[in-house]
Amino acid sequence: MNTLSKIITWKRNILASAVVLFTLIVLSFYGVYTNQFYFLKADNYIFPILTSVHFLYLYVIWFKITEDELPDPKMRNIEYVLYAIMIVYVFKIYDSITVLNSIKTYGEHVIPTTFKPMATLSVLLYSILPILTLYSFWLRKHYVGVYNFENYNDNLNIWQ
């Protein structure tokens, strides 16, 4: 894992996660069957709202690593919420694969030429997102530290 952290540094991981999240937010409003954007559907806003927690976690990781701070309970709580959001990410992978495989079902209907490339892109990005998230958890453990709050006050030395 250390050789991987030399290739994909913590900054690259955070930036790649942000790019993937922004792209998936845009794609959450895109309808692959119709080749149009839908901004009035309430379902399309669920993923962007959930990714706000992910962006917050990325900011906290960036801040903690650059300021060389220890992990705190708020950071732990954000990470635990992100664990739950990972279930949604896995569901979105399944949903995207289902949409991509539905071309066989709707083969007789008029499907836009952009269907297969856009559906493949969304499957690819949704598959990359959990990998980047799990890697950011490892980077947090490696650079920021583990969550050890039982003797947190004993390890805190303000004179260093």
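What percentage of the 160 residues of the chain count as buried? In this predicted model the share is 36%, where buried means under 20% relative accessible area with a 1.4 Å probe and protein chains only.

## Basis of the model

The model is predicted, with local features needing pLDDT of at least 70 and side-chain atom pairs counting only at pLDDT 80 or more, while totals for chains, interfaces and linings use all residues. Residues are numbered from 1 along each chain as its sequence is written, and side-chain values use heavy atoms, with hydrogens and water left out.

## Overall fold and extent

Six helices and two strands make up the secondary structure of the chain, and along the sequence they follow the pattern α-α-β-β-α-α-α-α; helices (H or I, at least four residues) and strands (E, at least two) are DSSP runs, numbered from the N terminus. The radius of gyration is 19 Å, well over the 15 Å that the globule rule gives for 160 residues, so the chain is more spread out than a compact globule; the radius is taken over C-alpha atoms, and the rule is 2.2 Å times the number of residues to the power 0.38. Taken along the principal axes, the C-alpha atoms fill a box of roughly 70 × 35 × 20 Å.

## The setting of Ser-17

Ser-17 belongs to helix α2, which covers residues 10–28, and counts as buried at 1% relative accessibility. Leaving aside neighbours within four places in sequence, Ser-17 is in contact (heavy atoms within 4.5 Å) with Leu-58 and Leu-132.

Ser-17 and Ile-131, although 114 residues apart in sequence, lie 9.6 Å apart from C-alpha to C-alpha.

Definitions and conventions. Buried < 20%, exposed > 50% of the residue type's maximum accessible area, 1.4 Å probe, protein only.
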